[in-house]
Amino acid sequence: MPLVYDELRRVAHNYLQRERFDHTLQSTAVVHEAYLRLVEGAVEFQNREHFFAVSAQLMRQILVDYARRHRSLKRDGGYKLTLDETLKLPSKGIDLVNLDDALKELSQMDARQSRIVELRFFGGLSIEETAEVLSVSAATVERSWASARAWLYRQLKRNAAR
Amino acid sequence: MTGERWQEIRNVLETALQMDSEKRRAYLDQVCALDQSLRGEVESLLAADKQAQTSFLQSPPLTTRLEKGTRLGDYEIQSLVGAGGMGEVYRARDLRLRRDVAVKVLPAVVSSNPERLRRFEQEARAAAALNHPNILAVHQLGTYAGTSYMVSELLEGETLREQIRRGRVAALRVIDYGVQIAHGLAAAHEKGIVHRDLKPENLYLTKDGRVKILDFGLAKLTQSQAGSEHSAPTIGGETEPGLVMGTVGYMSPEQVRGQASDHRADTFAFGAILYEMLTSQRAFQKPTSLETMAAILNEDPHGISQITPGLPPALQRIVHRCLEKNPEQRFQSASDLAFALEALSGSGASPANPDTSREKSPRITAWIVIGAVAAVLVAGLTVTWPMFRSQPQTVHSIAVLPFASPGQDAGAEDLSDGVTEAIIDALSQMPDMKVMARGSVFRYKHKEVDPQQAGRDMKVDAVLTGQITRRGNDLLVSTELEKVEDGTHLWGAQYNRNAASILALQQEIASDISQRLQPRLSSGQKQKISRLPTDNLEAYQLYVKGRYFFDRWNEGGRKKALEYFEQAVTRDPGFAAAFAGLADTYSLRGFFGEATNLEESAKGMAAARKALALDNSLAEAHASLGLALLLDLQWTEAEKQLRQAISLNANSSICHSYYAWYLVFAGRGKEAFPEMETAQVLDPLSSIPYATAGDVYYFARDFDGAILQLQKAIEFDPSNPDPHKTFGDTYLEKHMCSEATKEYAISEELLGNSQNAVALTKAFESSGCHGMLRKQLEFYSDPSNPDYYPMSAGITAVLLGEKDQGFEFLEKAFEAKQGIIWLKAEPELDGVRSDPRYADLLRRVGLPQ
């Protein structure tokens, strides 16, 4: 068991350091948390694709959690979370909590499209990588991504207006 | 919206999105003719798509990734090279100065706060002004679309973190890095700049061995907002319990307390980094950052020697002194620190930056004393730490000269031969490194030789010399590596060990050298280098003697080699390399007709298989089996083994020689040339590769080429009969029978067959070439004559026009599997190539027409 665990740790660590996160994250805190959740959640990755899928999901959870807490803190008048500050800034005006809600709605309509967004946006995967993870063609991903983006944009705008 | 409805909308939307507006309208008119609400949905989504800027959701929430081709002032982004807590780093092209640079885009959190930004710029400018070889050179600061960026020199290599992740760092390199880091820090501190967030992630190791300190001036910017000016770097306010934050482990106690900190905080971090390099464990690491901080305040890290034994005590003391809780008890300046480390490195000279003048403070004097004491202590205990320079030294070929053993101590001489051999073998495992074969370097044994000259003779980049002194059970080994080109001292070390541990020491020396020359070897490669061939010293020394005699490449040498190899495998029945030596000796004895061939071949094959069974990764074992199979006419298998041998150890001259033989006998002479040339490069001063080359040229029918090679072979070893024999054959082909006879006679003399020599000369004098050949045929075909060799008899008979007799002997050679491998390549058999008996024989030998 410890051996398997070590191997997993090593793999996760490598992924985190070299593969994906290195290129997409600014906050070491988030990386650390994702890493810890990945290794401590004792997920057994079947392969690279599986790893990306799980990590994109995790990133979504973590970021949305942060955003949600940040919201409530703001409401409560507390405003000293520098971590949240780090997170808030580069998300370019997208309210991650709203995005998460919209994504849930999208997954009701088309689960695969929702996953595509999760992988592309939260996981930072390219069209090709996403296609690999989902075992579909890159053209399919590209088309689905385009329509999902349009729908999400409209949905976020509508929700914001409400 | 239901899933079904969405699928309908989606289909139309996705198709429409791929069209230009005109086509789109026509398309929508058509598909939505009966469903206006569908049209409404699609139109609204198309509008949303238009509004959503191209950036919407395109980059992950935590990045500000720049696209290739983006211009930031004079800089054009090429590609992302990395990212860390302090932003992303891109490779970019400086369009004005036409050079590649690194552009670091600072996180928005830094850019968005004007006060922080001002401070960052101030400090970064100050750091940039340092212009020190161990500090990242900052060229420019700028802003782009509200984001700040910093342009610096582009580094190639990896962070210290990546190196540590692979395991402990050798003490020598820790000292080297330490000296460089300390110099960089000293230069910064002198200007009043403190790093405050030194950690392995902030130290960059360039490919040419230089350490660069990164992110000066950034540390202050990441302080918690609520904290004071001097509080914890990189900790972002409140964190989840149990969440281990990046750099807590390198903070000094005063930083943890939020007290004022100065340059001595960097000293603490420096100590923690050295500690981690040496032990591959953090000095302070607990499950949560709070506990880690508590440990920094209250606990002493485990003694380094408990984790990594065998390090110089002075080095351990330096590290622990850096980690003192009270800043007053640490080194008071980074230059003191650099000085103390340099004393350990033995050179006293600053490796990285000889131009930096050290601060002349009174403390220096004290440290000269302490440094000297440290050096003495180290020397007395085990090892004096080698001198080294950190300038890049490219060494692609190396010769290990025989280690000297002063005095008349025969035992010490055996030891030194063993050490030489072992280091050659171990270094041969390094990739992209040509290591001269023992045959060439042992020519320098017992000779007063200038290493540089020897290096030039062998055309190598570097030469290793060494000396072994034995006092009772103590062994003192000192060794030095120098560059041939200019005599630069690359590396040197002294090892003081118990004589019983010599075998381990040999591998240790080889490992240290490889570490110095190729610091980035994989652990698998390192393992190959440090692997012991046997743990039985006696067996090893017998083996080395066996190799030495084997290299003489004559009957007497092989006879002695056989004795030594046999004794070696008796002492250690698990000694694969000795079995390989035994196999080669048997095989060649059979081949050269020194013993009954079939019997010797069988023994050779068995020994080779045994060697391989013992160590499947041993190149020599595969080569031995390849040779045995070749002589047994198993062509396909033989080639497989020989190629495997070369792939396992491209540095083995003998493997290349065997393969050259194989190729030329198989009628693939052209392919044999590169193999032969490689063998010569690896063993440039020994007769074997030239004798092999003589064969290759002869069988390829380049007789003038053969003569040149054979002359060299004879020059290196005038006592070897074999090249003279080939010389004779070559002259014969050139119709120079008088010269041929002379060479044959010399060969007979050297074989100890004086009577034959005289008889051949007389026969030539009385009845010319024909008479001489008749005489030869007589010897070759007479089982009682020492020259008896059916293959040669067959060839000579063919030359004399006696085809029937010739084939009779060729058949005998085939039955005995002796020399018949020449059948296809031998020029002297040209007279019978169209004979059906020749074709039949060739087929049975296993070669195509």
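Colleague: Hi! How many bridges pair strand β8 (residues 203-206) of chain B with β9(B), and is the pairing parallel or antiparallel?

Modeller: Hello! This is a predicted model, and in it β8(B) and β9(B) pair in the antiparallel sense over three bridges. Within that pairing, Tyr204(B) stands opposite Lys212(B) of β9(B).

Colleague: What is the strand order of the sheet they sit in?

Modeller: The order is β7-β8-β9 in chain B, an open sheet of three strands with antiparallel pairing. The edges are taken by β7 (157-159) and β9 (211-213) of chain B; each has a single partner strand, so one side of each has no neighbour in the sheet.

Colleague: Nice. By how many degrees are neighbouring strands turned against each other?

Modeller: By 25° on average, with direction ignored.

Colleague: And which helix packs on that sheet?

Modeller: Helix α7 (residues 171-190) of chain B does, touching β8 and β9 of chain B. The direction of α7(B) makes about 35° with that of β9(B).

Colleague: OK, on to helices. At what angle do α30 (residues 721-733) and α31 (residues 737-751) of chain B pack?

Modeller: At about 160°, with their axes 8 Å apart. That is why α30(B) and α31(B) are roughly antiparallel to each other. The crossing of α30(B) past α31(B) is left-handed.

Colleague: Which residues meet there?

Modeller: From α30(B), they include His724(B), Phe727(B), Tyr731(B) and Leu732(B); from α31(B), Tyr744(B), Ile746(B) and Leu750(B) are among them. The residues of this contact divide into ten nonpolar, three polar and three charged.

Colleague: Last topic: what is the average pLDDT of chain A?

Modeller: Chain A averages 66, and 50% of its residues score at least 70. Among its elements, helix α2 (residues 21-24) has the lowest mean, 34, while helix α6 (residues 96-109) has the highest, 91.

Colleague: Where in chain A is the pLDDT below 50?

Modeller: One such stretch is residues 1-29 of chain A, with 47 contacts in the model beyond near neighbours in sequence. Residues 77-92 of chain A also stay under 50, and the model has 43 contacts for them beyond four places in sequence. Where pLDDT is low, predicted coordinates should not be read in detail.

Key
Residues are numbered from 1 along each chain as its sequence is written. Chains are lettered from A and ligands numbered from 1 in the order in which they are written. This is a predicted model: local features need pLDDT of at least 70, side-chain atom pairs count only at pLDDT 80 or more; totals for chains, interfaces and linings use all residues. Axes are lines fitted to C-alpha atoms, for helices over the stretch in contact, and angles run from 0 to 180 degrees between N-to-C directions. Helices (H or I, at least four residues) and strands (E, at least two) are DSSP runs, numbered from the N terminus. Angles under 35 degrees count as roughly parallel, over 145 as roughly antiparallel, 65 to 115 as roughly perpendicular and the rest as oblique. A crossing is left-handed if the near helix is turned anticlockwise from the far one by less than a right angle, and right-handed if clockwise. Two residues are in contact if their C-beta atoms, placed from the backbone, lie within 7 Å. Ala, Val, Leu, Ile, Met, Phe, Trp, Tyr, Cys and Pro count as nonpolar, Asp, Glu, Lys and Arg as charged, and the others, Gly among them, as polar. pLDDT is the predictor's confidence in each residue, from 0 to 100. Two strands pair if DSSP finds at least two bridges between them.
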